[in-house]
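Work through the exercises below with the coordinates open. Each task is followed by a solution in steps.

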Amino acid sequence: KLLKNFLSLKEDDWIEWIAQPNDWQDACDKFNGCYFIVKQMPNYPQHPNCQCRLEKIAKPIPYITANATCDIRKFTEYVFDKEKSKGKKELFEGWGYTIKDSEYLQQFYVSQAIQKYCDGEYFYKGVEYYARIEIVIELPSNNWGVQRIKTGWSLLPKGKIKLATPFSGFVN
């Protein structure tokens with residue numbers, strides 16, 4: 001019956017992953033309560049005897065049924081920290097940004113990411129502590145037009161996403 005319900009879904013449908021309680025703490029537990037668009041969701045079923053349910057939901061709405069957060073320290077204490085940034089400081093400064101722009105970058109990332117997530121414009125990237133997704137941010141730059149960069153986000157229950165990595169590469 002679970003598989004039959006899954007097969008009736010279309011690729012642009014949204015689901016909430018409902019994990020069944022178990023003792024082995026598998027990936028299903030990390031998906032519990034998360035919203036996925038079918039075309040960018042984890043494999044289903046996840047494992048033999050998987051009893052997880054996929055509940056069809058309405059498309060998430062930014063700031064109503066979905067939210068994005070970004071700790072400003074991702075910029076102030078990572079991107080713009082010469083010791084930790086692994087070259088990101090130079091990239092962002094080359095695009096015209098400094099540590100003084102951290103609040104602007106924080107708000108810009110959240111605004112773009114939540115809209116793209118709700119439009120299903122993300123890529124499922126696997127699971128570690130949380131389900132991970134990648135969202136392409138289009139960041140204006142002073143001399144180079146717009147930078148299309150990959151960013152990493154944790155996907156949390158009930159339509160919440162949280163910035164994990166402000167730069168993980170360029171879009172080809």
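**Exercise 1: Cysteines**

Task: determine how many disulfides there are in this predicted model.

Solution. The sulfur–sulfur cut-off is 2.5 Å, and by this rule the count is 0 disulfides. Take Cys28 as a test case: the nearest cysteine sulfur belongs to Cys52 and is 3.4 Å away, so Cys28 is in no disulfide under the 2.5 Å cut-off. Cys28 is also buried, with a relative accessible area of 1%. Next take Cys118. The closest cysteine sulfur to that of Cys118 is in Cys34, at 14 Å, which is too far for a bond. Cys118 is buried, with a relative accessible area of 1%.

**Exercise 2: Aromatic pairs**

Task: find how many aromatic pairs the whole structure holds, and classify the pair Phe92 and Trp95.

Solution. The search of the whole structure gives 18 aromatic pairs. For Phe92 and Trp95 the centres are 5.1 Å apart and the planes make an angle of 55°, which is a tilted pair. Phe92 and Trp95 are both buried. Tyr117 and Tyr122 make another tilted pair, at 5.5 Å centre to centre and 40° between the planes. Both of these tyrosines, Tyr117 and Tyr122, are buried. To place the Phe92 and Trp95 pair in context, list the cluster: Phe75, Phe80, Phe92, Trp95, Tyr109, Phe167 and Phe170 form one aromatic cluster.

**Exercise 3: Backbone exceptions**

Task: examine omega for the peptide bond from Tyr44 to Pro45, and phi for Tyr63 and Lys158.

Solution. The bond from Tyr44 to Pro45 is cis, with omega near -5°. Pro45 is in the loop between β2 (35–37) and β3 (53–57). Tyr63, not a glycine, has a positive phi of about 65°. Tyr63 lies in the loop between β3 and β4 (67–69) and is partly exposed, with a relative accessible area of 49%. Lys158, also not a glycine, has a positive phi of about 60°; its place is the loop between β7 (145–156) and β8 (160–170).

Key. Residues numbered from 1 in each chain as written. Predicted model: local features only at pLDDT ≥ 70, side-chain atom pairs only at ≥ 80, totals over all residues. Heavy atoms only, no water. Buried < 20%, exposed > 50% of the residue type's maximum accessible area, 1.4 Å probe, protein only. Phe/Tyr/Trp six-rings, centres within 6.5 Å; stacked < 30°, edge-to-face > 60°. Helix = DSSP H or I, 4+ residues; strand = E, 2+ residues; numbered from the N terminus.
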